[in-house]
Amino acid sequence: MKRKIRSVRTWGPGLLLVSPSILLIGFFVYGLIGWSANISTTNQNSRFERTAGTAADAHIGLANYTNLFSSPDFIQSLKHLGILAVFYIVGALFFGMLWALLLEKGVRAEGLFRAVYLFPMAVSMFASGVVWNWLLNSDTGAGASGLNQLFEMVGLGFLKNHWWVSSPTWGIAAIAIPAVWQLSGYIMALFLAGFRGIPADLREAARIDGASEFQLYRHVLFPQLSPIALSALIILGHMSLKMFDIIMAISGEKNVYTSVPMVTMWTLTGQQDFARAAAVAIILLVFVGFLVVPYLVHNARQEKNT
Amino acid sequence: MTTDVIPAAAPSELHRKVKKTPRSQVARTVKYLLLIFFLLVVLIPAYVLVVTSFKSFGEALGPNRWALPSGLSFEGWSAAWSELSPALFRTMLIAIPAAVISSMLGAMNGFVLSRWRFPGANVVFTLMLFGMFIPYQAVMVPLLEFLPMTGLGRGVPQLLAVHVVYGIPICTLIFRNYYQTTVPMELIEAGRVDGAGLLRTFRSLILPLSLPGFVVTMIWQFTSVWNDYLFAVFLSSRDNGPVILGLANLAGSQIVPYPEVFAGALIVTAPTLLVYIVLGRWFVGGLMAGAVKS
Amino acid sequence: MTRVRTKVAVVLAATALVAVSACSSSDTNKPSGTGAAVKNVEVFTWWAAGGEKAGLDGMISVFKKDCSQYTFVNAAVAGGGGDKAKTLLANNLKAGNAPDSFQAHAGGELSDYIANGQVEDITAVFKAAGLDTAFPKDLLDQITVAGKVYSVPADIHRANMVWVNPLVLKKAKLDPAKAPATVKDWIADLAKLKAAGVATPLALSKGFAEEMLLESTLLGDLGVDKFNGLYDGKTKWDGADVTAAINDYKTLVSYSNTDRETMDWDAAMSKYLLPTDPKTATGGYQLMGDWVPAQILSLKMPESSYMYWPAPGTDGVYQWLSDSFTLPKGAKNPEGDKCWLKVVGSAEGQKAFNLVKGSIPARSDATSEGYPKYQQWAMEQWKAAKLAPSLAHGSAGPGAWNNDVQTALSAFSANSDVPTLQKSLVAAAGKYANWRSTVG
């Protein structure tokens, strides 16, 4: 029930209470983004990049951006990002949904299964990257260790491969494995809560109407889950764009097999190429914006209508 | 959103009288087999971490990397502990205050934005929420320039400040959802009729109800800050920063001393894992806030 | 609610326990308080482990003696050729958080810091410690810009060396003591090793190691004068001789381990070069700088487990690099740093350092007595040899040139595309070859 609040005296204090946060977020998010965007249009690159005679602070428009987009290395890192995002999103959605399906009707020791599937989220992505580095060791011969050795030991030797060193374009898909391991439990939790939130009589009604289990899922349950699936997609999508810790832990920077824009940005700051680093970050921000802003606006509108 | 997040399966589903056909028996067995299989798969990294951390340095490079250690060796653990323990305290100094302060701010914001609104409150909330999604690299270069200007010391002070600020959106989201589902508008109205202003309402009416919300935000923030690598690596260094940088140093060195690195990873993970094990259901509450609107 | 409270209490108690125990151990490690801060000298290097750390420790013990009023704070960051360390350093410098001294390679790499105004002119310190006459002129030129000196060289390393596993070579009936005369001869030997059943005759690793291999191939095929010309614009990178050298490089890489992109030089050495069982050994050679003996020593393996000679075609050429220490602008303890720099430049400091690190002292008055076998030979060589710089180690050009070449080589490791590699090298040279004139 919403009451229209009329006078400033009523809502004023509220605004006042929130104002420190408004100011902080206003500066530290929007202000600094603007500052980054500004830096990205300056000349603060290594002295070899600068046109002779121009100062570091001079504004050079979008030159850093055109430079990035005409660099094959940067395009390669964008390709990698796309591949990684697809494998990661599909993988996490698949396993999350699979586990939710397995659990949703209720099983014995459900708490144990949920707790284990979810625990990777509590672990630092960098720390887990350290052990995945070991697991994804690319050696397939006599000295194989990690998953390759495990495959040998259980008779699945044909699964051995070089993981992220297999191909300069597609190798990055191997990095999706630790990411899927980390996040699938979360997706499972979302879908599970979604399943459990569907009123039981809806199912009963469908069954009475003669629906098979398969039809029940397809026509009744899954449609109910579509808002959750959308949320999951947005969350996975924006997290895939931000992936940094895992790659730094597994393959490190300056690695042509697993270059992604976020790591490129790190390398650029190391070369004191701050303008271009800011440009990379702004490009990523725009991608995230395309993904997230419609979702936020959609959510805000929905709320207004309820 | 309540903090009790994943409801149990409906009794009607759990105890459905399904005809025990051979086919459904097979289906059940397959289901349990799959669940157990995935359980083991998810635990593989944990197994590797624990088992290898107790091997001696030589044994960890031996032919069978998956075998259990032949004897318990603490070489890795003592090396990791001596490298990481100074940083553990510093990380606590960052994570706990950041969690507390962000939670307080989140509670105040969440309350105002849900139950004591002002014109444009929704817009403000949406703008704040966007701050949660941005790639933080977008603000990193300016932070490198700006933070020294504030006079805040490198390491703990700077990291505490940024984590408080960037934790505000998620804490606000959690509390806003929480208050929307647990604090009826009537309660506020009643208080207002009694003449209570904003602060009094918050202090005496709302805060007592807020413990579950605080548990969720504190756990979420503590975990996020403890596990953060991005801010740590840009804004601090091994001797003034959080423990994750010590782990990065161990892992980045030469022929990686696996027992030491894995013991280090376990040391780094232990606090957040402990929080997860003991306070797990509220942890999930934080996760849900980001997605489901109930 | 009480259950929640109990659980929260458990977590808080555990936290407090950890915090207290960690706190007590941190007291001994972390100097605190402003009084101590002025006594600290924070030195930033990438010598965090192995033979390199041993060398640093040697220097530190001299510092403790000569500069006892200061406390040494070791801010070493691990990782390969210092990639991670350099990025961290750049971030720190940008944020105004300079260490009291940091390691930089004399030559092109140092010029980056000079051009960015990040290091102080230490000519006065130099002269006061009598160091302006202690170093060979060629080396002094590399640390001097417009008459001002910016760092103190600690050592000289040689990059163009090949390290050999004698047991593996004997298996293929090759004489490990005899260096192939040219790159082509070496390729022939590699083929013989392969035919004798050695899987990956050449141990190779990622990043600067590939660059070193390319450079020594160029040096061996082009000769020292043309090679030096590559770095000052006199020799063209698109010449036919460079193409031939790149093709030689391609052949060399084909004899190396397929997981080279996943490991650093020391991991590759332990995995492929050092194993002594000729039945299972998979490597025979590794091209690497002469920090190798110190590394092998730190692994407690005997001197007999390896042999060495200058990279094929480069006998008589010393491809040098020099680690040097600076005084950053904005250092918190410049006086302490000056004391450190004096130690770095002193005969005693250099001996303590180089004895264990495997390099030779930068000072021209150093004698070879007391040094291990390799270094005695190296010091002889240094006196008589022709000099060539190394891009991989910052003496031939700036960091950006180094990075661009490493990126191109990483791509080449995956696709073996010679024309693309050559084009990238030409582009990089075009961009950076006049680096000396940009320093100011």
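Four bridges tie strand S8 (residues 161-164) of chain C to strand S11 (residues 307-310) of chain C, and the two run antiparallel. Strands here are DSSP runs of type E with at least two residues, helices are H or I runs of at least four residues, and both are numbered from the N terminus. Two strands count as paired if DSSP finds at least two bridges between them. Keep in mind that this is a predicted model, where local features need pLDDT of at least 70 and side-chain atom pairs count only at pLDDT 80 or more, while totals for chains, interfaces and linings use all residues. Residues are numbered from 1 along each chain as its sequence is written, with chains lettered from A and ligands numbered from 1 in the order in which they are written.

**Around strand S8 of chain C**

- S8(C) also pairs with strand S10 (residues 285-287) of chain C, again in the antiparallel sense, over three bridges.
- C:Trp163 sits opposite C:Tyr308 in S11(C), and its bridge partner in S10(C) is C:Gln286.
- Both faces of S8(C) are covered, with C:Met161 and C:Trp163 buried on one side and C:Val162 and C:Val164 buried on the other.
- For burial, the count is of other C-beta atoms within 10 Å of a residue's own: 20 or more is buried, 12 or fewer is exposed, and in between is partly exposed, with C-beta atoms placed from the backbone.

**The five-stranded sheet of chain C**

- Five strands of chain C make an open sheet with mixed pairing, in the order S2-S1-S3-S13-S6.
- Strand S2 (71-74) and strand S6 (151-153) of chain C are the edge strands; each has a single partner strand, so one side of each has no neighbour in the sheet.
- On average, neighbouring strands of this sheet are turned by 30 degrees against each other, direction ignored.
- Strand S3 (residues 101-105) of chain C runs antiparallel to strand S13 (residues 323-326) of chain C, joined by three bridges; there, C:Ala104 has C:Ser324 in S13(C) as its bridge partner.
- H5(C) packs on the sheet, where it touches S3, S6 and S13 of chain C, and its direction makes about 130 degrees with that of S3(C).
- Helix H15 (residues 334-345) of chain C packs on the sheet too, touching strand S1 (40-44), S3, S6 and S13 of chain C, with its direction at about 55 degrees to that of S1(C).
- Those angles run from 0 to 180 degrees between N-to-C directions, using axes that are lines fitted to C-alpha atoms, for helices over the stretch in contact.

**Two domains in chain C**

- Where they meet, 28 residues of domain 1 of chain C are in contact with 23 residues of domain 2 of chain C; contact means that the C-beta atoms, placed from the backbone, lie within 7 Å.
- The side of domain 1 of chain C that touches domain 2 of chain C has eight nonpolar, 13 polar and seven charged residues.
- In that scheme, Ala, Val, Leu, Ile, Met, Phe, Trp, Tyr, Cys and Pro are nonpolar, Asp, Glu, Lys and Arg are charged, and the others, Gly among them, are polar.

**Where the chains touch**

- Between chains B and A, 77 residues of chain B are in contact with 85 residues of chain A.
- Helix H13 (residues 258-289) of chain B gives the most to the side of chain B that touches chain A, with 14 residues.
- That side of chain B has 59 nonpolar, 14 polar and four charged residues.
- The contact between chains A and C takes 18 residues from chain A and 23 residues from chain C.
- The side of chain A that touches chain C divides into six nonpolar, seven polar and five charged residues.

- Chain A has 13 helices and zero strands, and 48% of its 306 residues count as buried.
- All of helix H12 (residues 243-252) of chain B is buried, 10 of 10 residues, so the helix is largely enclosed by the rest of the structure.
- B:Leu187, found in helix H8 (residues 185-193) of chain B, counts as partly exposed, with 15 C-beta neighbours inside 10 Å.
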